[in-house]
Amino acid sequence: LEVMGVSPARHLITPRILGGLTAFLGLCVLFGAAALGGGYLIARLLVSIPADLFFRAVASAITPGDLVAFTAKIFFGGLGVFAIGCYHGMGVSSSPTEVPVAVSRASLNALVFLVVFQGGVSLTMILRSNAGSLLRGVL
């Protein structure tokens, strides 16, 4: 591509990162909806709580900080995962035997990045909440 005067970053990396972020957002919304639905079913079975009361309680418990953290986790988490994948993918030279090695390295690096980043954001949110004061008293 470079020999033809075409930017690899523009034609290979950018669409993959934008598509990955879109997919990451869709998966997060889908899993969030599944978690809310599962939580409602468990609450319905254990406590017999009406749906409107359950969802109003959940909505009242969400703070603007929670939405900021959710957005940051989606955007920066997805950006990091797909940037790591593109970095390792672009590092492959002409040998096809390098592809599995690059995929393994990218997968491991992306997993470590996600665990550290998502865990850090979650821990920060917990320590800033009322649960954080309870945890500080225990620790």
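In which handedness of crossing does α1 pass α2? The crossing is right-handed, a term for a near helix turned clockwise from the far one by less than a right angle, anticlockwise being left-handed.

This is a predicted model: local features need pLDDT of at least 70, side-chain atom pairs count only at pLDDT 80 or more, and totals for chains, interfaces and linings use all residues. Residues are numbered from 1 along each chain as its sequence is written, and side-chain values use heavy atoms, without hydrogens and water.

Confidence comes next. The chain has a mean pLDDT (the predictor's confidence in each residue, from 0 to 100) of 87. Of its residues, 92% reach 70 or more. Helices are DSSP runs (H or I, at least four residues), numbered from the N terminus. Where pLDDT is low, the predicted coordinates should not be read in detail.

Now the first pair. Helix α1 (residues 8-47) and helix α2 (residues 51-61) have axes that come within 11 Å and cross at roughly 130°. Axes are lines fitted to C-alpha atoms over the stretch in contact, with angles from 0 to 180 degrees between N-to-C directions. Tyr-40 of α1 is among the residues that meet α2, where Phe-54 and Phe-55 are included. Contact means heavy atoms within 4.5 Å.

Turn to helix α3 (residues 64-90). Its axis and that of α1 come within 9 Å and cross at roughly 140°. α1 passes α3 in a right-handed crossing. The contact includes Arg-16 and Phe-24 in α1, and Lys-73 and Phe-82 in α3.

Methods
Helix = DSSP H or I, 4+ residues; strand = E, 2+ residues; numbered from the N terminus.
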